[in-house]
Amino acid sequence: MLLARSVIWTCLAVTMLVTAAGEVCGQNYPNRPVRIVAPEAGGGGDLTARLIAQRLSGPLGQQVIVDNRQALISIETAAKAPPDGYTLLLSASLWILPFFQSGVSWDPIRDFSPVISLVSVPNILIVHPSLPVKSVRELIAIAKAHPGDLNYATSATGTANHLAAELFKSMAGVNIVRINYKGSNPALNDLLAGQVQLMFTTAATVAPQLSSGRLRALAVTSARRSALTPELPTLAESGLPDYEWVTINGLFAPAGTPAAIINRLNREIMRILENQEVKERFLNSGAETAGGSSEDLGARIKSEMSRIAKLVKEAGINSQ
């Protein structure tokens with residue numbers, strides 16, 4: 001009995017020491033510059049990283065710098081970094097790439113601790129005006145009446161425009177043919193030329209073509225109507241209940257980073273995301289601020305991975 005009590009008290013003491021050490025670590029953090037490893041310069045992820053870094057430097061009292069790397073390299077770099085809060089990862093593909101890239105050395109759940117969801121970017125479903133449809137229901141009806149006759153453009157396997165389309169096919173029960181391109185620009189050019197009939201893409205990408213009538217938007221892929229395109233119904237409203245596909249830019253730390261540091265970063269960034277000027281800057285770039293707890297992001301990632309695994313299996317999508 002005495003031995004058992006001794007063991008219990010020892011465990012409690014160790015727990016208290018570990019908790020205290022984490023709190024002290026959080027209080028002293030940071031005492032040198034913090035690095036956000038982000039995707040290549042010029043893209044949406046880079047813009048998000050730079051806006052957050054600029055606003056975060058003041059509250060942290062240290063410079064927050066952005067380190068641009070190719071997507072896979074950025075994840076590998078962050079996975080190997082010490083779990084001390086000085087190297088963070090901004091990624092929208094951390095939990096997606098393992099399904100489409102063979103031989104990755106890291107695991108999204110095992111090797112990373114979620115910090116916060118930064119922004120979400122919905123896609124919109126667009127069609128060429130030559131296709132006589134003005135709603136998702138009409139599109140589904142034509143696709144079912146003519147299986148295999150319609151085709152859709154994608155930029156690469158595993159990208160948002162590809163997975164959004166595959167989810168649409170699965171939930172609508174239609175057979176439309178994928179035409180794959182080396183990038184979004186050639187895909188969009190062929191859609192404008194009428195070589196393909198439809199595509200999922202971001203609203204910011206095709207705003208001029210929608211305004212001029214060269215393309216027609218049918219719906220948005222988010223669960224609720226988007227502030228970016230408030231006039232557009234969701235696909236869920238348009239006959240596909242529970243349809244949702246958005247790109248999430250999340251911030252992560254290497255696994256083992258003290259909870260006190262994760263919580264500090266979450267609080268400071270949440271204040272940034274709630275700023276009206278920040279919201280407007282993101283909206284102007286085609287994104288919506290997200291936020292929430294680190295647990296929220298972790299749960300979302302696990303849910304997304306389960307959904308992607310099911311979609312990949314049902315659609316027979318092969319990894320590269």
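**Entry 1. Helix α3**

I began with a definition: buried means under 20% relative accessible area, exposed means over 50%, and partly exposed lies in between (1.4 Å probe, protein chains only). The model is predicted, so I note that local features need pLDDT of at least 70, side-chain atom pairs count only at pLDDT 80 or more, and totals for chains, interfaces and linings use all residues. Residues are numbered from 1 along each chain as its sequence is written, and side-chain values use heavy atoms, with hydrogens and water left out.

I looked up helix α3, residues 71–79. Helices (H or I, at least four residues) and strands (E, at least two) are DSSP runs, numbered from the N terminus. Which residues of α3 are buried? I found L72, S74, I75, T77 and A78. I then checked what covers them. The cover includes β1 (34–38), β3 (87–91), α4 (97–100), β4 (112–122) and β10 (246–254). Contact here means heavy atoms within 4.5 Å.

At the start of α3, I saw a side-chain oxygen of Q70 within 2.9 Å of the backbone nitrogen of L72. A polar contact is a pair of N or O atoms within 3.5 Å; within protein, one must be able to donate a hydrogen and the other to accept it, and residues adjacent in sequence count only if both atoms are side-chain atoms.

**Entry 2. D46**

I found D46 in helix α2, residues 44–60. Is D46 buried or exposed? Its relative accessibility is 7%, so D46 counts as buried. A polar atom of the D46 side chain lies 2.9 Å from the backbone nitrogen of G42. Leaving out residues up to four places away in sequence, D46 touches P39, E40, A41, V66 and N68.

Two packed helices are described by the angle between their axes and the distance between the axes. Axes are lines fitted to C-alpha atoms, for helices over the stretch in contact, and angles run from 0 to 180 degrees between N-to-C directions. Angles under 35 degrees count as roughly parallel, over 145 as roughly antiparallel, 65 to 115 as roughly perpendicular and the rest as oblique.

I took α9 (residues 259–273) and found an angle of about 120° to α2, with the axes 10 Å apart. So α2 and α9 are oblique to each other. On the α2 side, the contact uses I52, R55, L56, P59 and L60. On the α9 side, I listed R264, L265, E268, I269, I272 and L273.

Next came α10 (residues 276–285). It packs with α2 at about 165°, axes 11 Å apart. That makes α2 roughly antiparallel to α10. L47, T48, L51, I52, Q54 and R55 of α2 meet E277, V278, R281, F282 and S285 of α10.

**Entry 3. α6 and α11**

I looked up α6 (residues 160–172) and α11 (residues 294–315): the angle is about 70° and the axes are 10 Å apart. They are therefore roughly perpendicular. L163, E166, L167 and S170 of α6 contact R307, L311, E314 and A315 of α11.

Most residues other than glycine have a negative phi, and most peptide bonds are trans. I noted two exceptions. The peptide bond from Y29 to P30 is cis, with omega near -10°. P30 sits in the loop between α1 (2–28) and β1. D242 is not glycine, yet its phi is near 75°. I placed D242 in the loop between β9 (216–220) and β10. D242 is exposed, with a relative accessible area of 71%.
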